[in-house]
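Hello,

Here is the structure for you to look over. My notes on it follow below.

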Amino acid sequence: MISKEAIIHYIKQVFPDSELSLIDKTGMMDHYQLEIISSKFQDMNRLDRQRLVYEALSEPMKDGRIHALEIQSQTPQEANK
Amino acid sequence: MENTIEEEIKEEITENKIVIYGKGTKERPMCGFTRETIDFFNRYGHPYKVIDVLNNMPKRELLSKMSNWPTLPKVFIGGQFYGDTDILDPMAESGEMATLLKKVFEKEAQG
């Protein structure tokens with residue numbers, strides 16, 4: 001289990017400019033859906049974008065606080081389309 | 001030991017055009033994401049192989065290392081790594097998936 005605030009804290013360390021939307025999918029606080037908009041994704045392919053998000057969350061992923069995470073990533077330009 | 005598992009994985013992703021490394025089998029997926037990935041490929045009608053690595057920690061660790069990707073399921077198409085449905089769904093939406101599968105399965109038809 002992990003709070004939304006804790007997840008946001010981890011992500012902001014790697015993506016300081018990011019806009020985040022986080023949904024607790026099951027109410028159990030271990031399965032989240034994340035929408036993240038950041039300029040860091042510019043010129044990155046989809047695989048590398050996810051890798052960077054997983055890297056930001058590697059601690060809570062490794063110790064099991066996050067069981068499952070769905071990620072949708074966009075750049076600010078893509079989000080404005 | 002590690003070499004043997006690596007060879008096994010390389011063989012699996014070479015011999016099968018679509019491979020899903022997941023939790024559980026095609027008939028009995030043990031994880032919602034594995035099930036979602038199976039449903040995804042059922043829509044396309046191409047043959048795909050589900051390989052259960054739920055209890056095979058050495059293979060899971062090696063797969064994560066090879067793909068630089070921490071979670072299951074892991075999908076390989078035409079021997080290339082494509083992540084999971086977070087990647088596949090937008091590819092389906094944009095039409096990239098249909099193009100990719102056409103290309104991968106055409107090769108087979110040509111021998």
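**Strands of chain A**

Strand S1 (residues 19–24) and strand S2 (residues 31–37) of chain A pair in the antiparallel sense over 6 bridges. Helices (H or I, at least four residues) and strands (E, at least two) are DSSP runs, numbered from the N terminus, and two strands pair if DSSP finds at least two bridges between them. A:Leu20 has A:Ile36 in S2(A) as its bridge partner. The hairpin of S1(A) and S2(A) has 6 residues between the strands, and A:Gly27 takes a positive phi near 80° there. S2(A) also pairs with S3(A), in the parallel sense and over 7 bridges; A:Ile37 has A:Gln74 in S3(A) as its bridge partner.

**How to read the model**

This is a predicted model, in which local features need pLDDT of at least 70 and side-chain atom pairs count only at pLDDT 80 or more, while totals for chains, interfaces and linings use all residues. Residues are numbered from 1 along each chain as its sequence is written, with chains lettered from A and ligands numbered from 1 in the order in which they are written.

**Contact between the chains**

Chain A puts 9 residues into the contact and chain B 8 residues; two residues are in contact if their C-beta atoms, placed from the backbone, lie within 7 Å. On the side of chain A that touches chain B, helix H2 (46–56) and strand S3 (68–74) of chain A each supply at least two residues. H2(A) gives the largest share of that side, 5 residues.

**Cores**

The largest nonpolar core has 20 residues, and B:Val19, B:Phe76 and B:Tyr82 are among those with the most contacts inside it. Such a core is a set of buried Ala, Val, Leu, Ile, Met, Phe, Trp, Tyr and Cys residues joined through C-beta atoms within 7 Å. A residue is buried if 20 or more other C-beta atoms lie within 10 Å of its own, exposed if 12 or fewer, and partly exposed in between, with C-beta atoms placed from the backbone. S1(B) gives the most to this core, with 4 residues. Apart from it lies another core, of 12 residues, including A:Phe15 and A:Ile36.

**Backbone details**

B:Leu72 and B:Pro73 are joined by a cis peptide bond, with omega about -5°. B:Pro73 is found in the loop between helix H3 (57–67) and S3 of chain B. B:Asn68 lies in the loop between H3 and S3 of chain B and has a positive phi of about 50° although it is not a glycine. B:Asn68 is exposed, with 12 other C-beta atoms within 10 Å.

Regards
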